[in-house]
Each structure stands twice: as structure tokens, then as C-alpha cells.
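Biologist: Can you walk me through this one? I would like to go over the helices, the cores and a few side chains.

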Amino acid sequence: MDKVDVEIIRLLKSDGRMALADISKEVGLSSPTIKDRINKLEAEGVILGYRPLLDYGKLGLGLTAYVGLTLDFHTCCQGDVDTALQKMQEIVEAHYTDGEWDMLIKVQVENPSGLMGFLQRLNAVSGITNSRTIISLATPIKSV
């Protein structure tokens, strides 16, 4: 991966639907060359896919919360927890972590009542022994 690939990735991060011609103008290479480079980045697993950046508030899911989970690896296996969490549509990200929590999940729900219902279902998952919730008040920096 060279400086041109890094620039292509930067441009696609800002607009995943950016036209090849526009990328071509920005980096100074032909559109077919840009297409070949993007194909290579996809084949190498650098670019994993293209997804919409959603405004959850406009979807009726305006409350963002982060939930730290403590897991009991003696009574369950990691795969069982993963499978259970993947079925919960409120979860938009999940990360195994090092530190205070074993896992940190990002949740999008409609309101506090929706969060409470979600937490009740979450805490019933076998292998989750404790959870701690932090509600987001604002998002001054967003990532893609």
C-alpha cells in the first residue's frame, strides 16, 4: 500500500459513493487505474465493504448508550454470547476489551424505556454476569 492507496482510502472514508472520476482528479491517476487499485484493496481485505452512515435519530433510535459487560467464561463460551448478541438489533457495535469490562457494546434505542427493556433482555443472556450503562449526551466527533 502506497501514498496513493492511502489517499484513495481517505477519500472513500469521507464519501463511500465518490465517483471514480472524482477520485481520479484528486489523486492524478486515470479512472481505470483507480478502479484497479480499489479492487486490489478490496481483494486484500483492506476495504471490507460500503455501508450507509445512518442518522439513528431520524430512524426513531435517538438514544445512544454504551454498555460494559462482565462475562463468566466458566459457565459459557464466547461464541454463545456472540450468537445471542448478534440477534439483538439494538446493538450496532460490540468489542471484546481489556480492562474493567470484558466487552463493550454500542446500543441504539428509541428512548429510556426502550433502553430498560433492552437491558433486561441483555442481562438474561447466559454468561453475562454484570453490565454497566453509559448514556451518550452528544456526539461531537463521528467516525465512519
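**Side chains, cores and helix packing**

Modeller: The side chain of Gln-108 makes a polar contact with the side chain of Thr-64, at 2.8 Å. Keep in mind that this is a predicted model.

Biologist: Where does Gln-108 lie?

Modeller: Gln-108 is part of strand E3.

Biologist: And is Gln-108 buried or exposed?

Modeller: Gln-108 is buried, with a relative accessibility of 4%; the cut-off for buried is under 20%.

Biologist: Which backbone oxygen does the side chain of Gln-108 reach?

Modeller: That of Leu-61, at 2.9 Å.

Biologist: What else is Gln-108 in contact with, leaving aside neighbours within four places in sequence?

Modeller: With those neighbours left aside, the contacts of Gln-108 are Tyr-56, Leu-61, Leu-63, Thr-64, Glu-90 and Val-92.

Biologist: Now the cores. How many residues are in the largest nonpolar core?

Modeller: The largest nonpolar core has 19 residues, and Leu-69, Leu-85, Ile-105, Phe-118 and Leu-122 have the most contacts inside it. Strand E1 (63-71), helix H4 (78-86), strand E3 (103-109) and helix H5 (112-123) each supply at least two of its residues.

Biologist: Which element gives the largest share of this core?

Modeller: E1 does, with 5 residues.

Biologist: What does Phe-118 touch, not counting residues up to four places away in sequence?

Modeller: On that count, Phe-118 touches Met-88, Glu-90, Ile-91, Ile-105, Val-107 and Val-109. There is also another core, apart from the largest one, with 9 residues, including Ile-8, Ile-23, Val-27 and Ile-38.

Biologist: Why would nonpolar side chains be found together?

Modeller: In soluble globular proteins, nonpolar side chains tend to be buried together.

Biologist: What about Gln-89, buried or exposed?

Modeller: Gln-89 is exposed, at 76% relative accessible area. Gln-89 sits in the loop between H4 and strand E2 (91-96). Gln-89 and Phe-118 are 29 residues apart in sequence, and their C-alpha atoms are 9.8 Å apart in space.

Biologist: On to the helices. At what angle do H2 and H3 pack?

Modeller: Helix H2 (residues 20-27) and helix H3 (residues 31-43) pack at about 100°, with an axis separation of 8 Å. Angles of 65 to 115 degrees count as roughly perpendicular, so H2 and H3 are roughly perpendicular to each other.

Biologist: Which residues make the contact?

Modeller: From H2, Leu-20, Ala-21, Ile-23, Ser-24 and Val-27; from H3, Ser-31, Ile-34, Lys-35 and Ile-38. By class, the contact of H2 with H3 has 6 nonpolar, 2 polar and 1 charged residues.

Biologist: And what is the angle between H1 and H3?

Modeller: H1 and H3 pack at about 85°, and their axes are 11 Å apart. H1 is therefore roughly perpendicular to H3. On the H1 side the contact is made by Val-4, Asp-5, Ile-8, Ile-9 and Leu-12, and on the H3 side by Ile-34, Arg-37, Ile-38 and Leu-41. The contact of H1 with H3 has 7 nonpolar, no polar and 2 charged residues.

Biologist: Last one: where is Asp-2 found?

Modeller: Asp-2 is in the segment before helix H1 (3-14). Asp-2 is partly exposed, with a relative accessible area of 34%.

Biologist: What does the side chain of Asp-2 make a polar contact with?

Modeller: The side chain of Arg-37, at 2.9 Å. The Asp-2 side chain also reaches the backbone nitrogen of Val-4, at 3.1 Å.

Key: Residues are numbered from 1 along each chain as its sequence is written. This is a predicted model: local features need pLDDT of at least 70, side-chain atom pairs count only at pLDDT 80 or more; totals for chains, interfaces and linings use all residues. Side-chain values use heavy atoms; hydrogens and water are left out. Axes are lines fitted to C-alpha atoms, for helices over the stretch in contact, and angles run from 0 to 180 degrees between N-to-C directions. Helices (H or I, at least four residues) and strands (E, at least two) are DSSP runs, numbered from the N terminus. Angles under 35 degrees count as roughly parallel, over 145 as roughly antiparallel, 65 to 115 as roughly perpendicular and the rest as oblique. Contact means heavy atoms within 4.5 Å. Ala, Val, Leu, Ile, Met, Phe, Trp, Tyr, Cys and Pro count as nonpolar, Asp, Glu, Lys and Arg as charged, and the others, Gly among them, as polar. Buried means under 20% relative accessible area, exposed over 50%, partly exposed in between (1.4 Å probe, protein chains only). A polar contact is a pair of N or O atoms within 3.5 Å; within protein, one must be able to donate a hydrogen and the other to accept it, and residues adjacent in sequence count only if both atoms are side-chain atoms. A nonpolar core is a set of buried Ala, Val, Leu, Ile, Met, Phe, Trp, Tyr and Cys residues joined through side-chain atoms within 4.5 Å.
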